Amino acid sequence: MYSVIYKRLISVFLLISAGALAFLYFFFLSYSNSLKEEKRAQSKYISEVGIGIIESFYTLASRGEVSVEDAQTLAMNALESATFGENGYYWINSGDGVLLMQPYTPERVGINQIDWVDSNGAQVFRDFIGKAKNGGGWVSYSWPKPHSELEYPKISYISYFKPWDWALGTGIYLDDMLENIHRIILKASGALLLSFISFVVLVLLLVNYFVRQLEDVAIRDPLTNLYTKRFLGEILPTIINRRQRDKDNLLAIIFLDIDHFKSINDRFGHKCGDEVLAKVAKVMVDNVRSNDYCVRFGGEEFVIVGFFENEEAAFNCAERVRRKTSRLKFKHNHIAFEITISAGVAINDESESFQEALSRADEKLYRAKHSGRNTVVV
């Protein structure tokens, strides 16, 4: 009897083992293929991120904030330090084959590599440049690993930045990829997930670092450091969603304008006018809550968007800014002067759009102007 049970248990064990082995085999085949494609997609994405970084410094140079030479140096420094994954790094060569940046073979930097061939006889840099100038894509070749003189098969995704005639790439060593796949399969899906998450987090941290820098350029007014009108349009869906969720507070729009600002520019010059704008912006930021939005709407016009307990609280916020602004002191060529602001306050509920409420706040600002200025109208 026991022998029959043992035999059946062994049979079940063998059957389960065979099923598990078959599952692992097909899992290995399907998952390794999908992981290969995923690795290729990630490499392409990282290459596109690199191009985005280069474009950010190119924009700074285009605006005249830095020279082209400094912008190129800053871009290469940022990419040179941006290593990722296992033996992953960026490299750059010029359109005529000069290696401009390669963190692990600095002895080749500055040398024209157009005629260099790998151990398989492939003209690697000619392939790089041709692929880059034809819209980008994958190139297979052999290249030494970091801190090694031996060449290993590699695939790289090549992108092209035409304004600087740069070919940028990053890629995957094939043996590293296969070894990684085997290790992940042996450690099961949990280890695979952890490795993938670690890789994604690393990429996201890299992207987040540069985008935050670009975001400040895109969403902040350089003179006042307030949010821009464009940013207000982008953040508007978030504000509307909060209005729909937060039933305990009112969404208020405060439209402010510096009284007689044109005369300040005409009398004291635009540099003095800029000082006025900057100080008014600081008063706004210092007298609202951290989660309110202070926006330079255009010229000497400003907007505060926030959630308040009631209409009186919104009025008190506008009045506080108006009062503190009237206490500012300015001096130009030994001539002292003061300024005032006018404001209109509108409550935005679900019965009207945000733009309609913004227009009402603007109309109330207009009424404040025509009722003598230096006042707040609700």
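## Aromatic rings

In this predicted model, ring pairs join Trp91, Trp116, Phe125, Phe128, Tyr141 and Trp143 into a cluster. The structure as a whole holds 18 aromatic pairs. In one of them, the ring centres of tyrosine 58 and phenylalanine 161 lie 5.4 Å apart while the planes stand at 80°, so this pair is edge-to-face.

The charged end of arginine 220 sits over the ring of tyrosine 227, at 4.1 Å from the ring centre, and the charged end of arginine 289 is placed over the ring of phenylalanine 308, 4.5 Å from its centre.

An open sheet is built from 6 strands in the order 6-8-9-7-12-13, and its pairing is mixed. Strand 6 (227-228) and strand 13 stand at the edges, where each has a single partner strand, so one side of each is left without a neighbour in the sheet. Strands of a sheet pair through backbone hydrogen bonds, in either a parallel or an antiparallel sense.

Both senses can be followed around strand 12. Strand 7 (residues 250-258) runs antiparallel to strand 12 and is joined to it by 8 bridges; within this pairing, phenylalanine 255 has glycine 344 as its bridge partner, and leucine 256 stands opposite alanine 343. With strand 13 (residues 376-377), strand 12 pairs in the parallel sense over 2 bridges, and here alanine 343 has valine 376 as its bridge partner.

Strand 12 (residues 341-348) is largely enclosed by the rest of the structure, because 8 of its 8 residues are buried. In a regular strand the side chains alternate between the two faces of the sheet. Both faces of strand 12 are covered, with Ile341, Ala343, Val345 and Ile347 buried on one side, and Ser342, Gly344, Ala346 and Asn348 buried on the other.

Beyond its place in the sheet, strand 12 takes part in a β-α-β unit, which continues through helix 9 (residues 354-370) to strand 13 and is left-handed.

## A position in helix 7

Aspartate 274 is found in helix 7 (residues 270-286), and its relative accessibility of 34% makes it partly exposed. Although aspartate 274 and leucine 223 are 51 residues apart in sequence, the distance between them in space is 7.3 Å, taken from C-alpha to C-alpha.

## Confidence in the model

The average pLDDT of the protein is 84, and 80% of the residues score at least 70. Over residues 1-6, however, pLDDT stays under 50, and for this stretch the model has 0 contacts beyond four places in sequence.

Technical notes: Residues numbered from 1 in each chain as written. Heavy atoms only, no water. Buried < 20%, exposed > 50% of the residue type's maximum accessible area, 1.4 Å probe, protein only. Helix = DSSP H or I, 4+ residues; strand = E, 2+ residues; numbered from the N terminus. Pairing = 2+ DSSP bridges. Right-handed = clockwise from strand over helix to strand, strands pointing away. pLDDT = per-residue confidence, 0-100. Contact = heavy atoms within 4.5 Å. Phe/Tyr/Trp six-rings, centres within 6.5 Å; stacked < 30°, edge-to-face > 60°. Lys NZ or Arg CZ within 6 Å of the ring centre and 35° of its normal.
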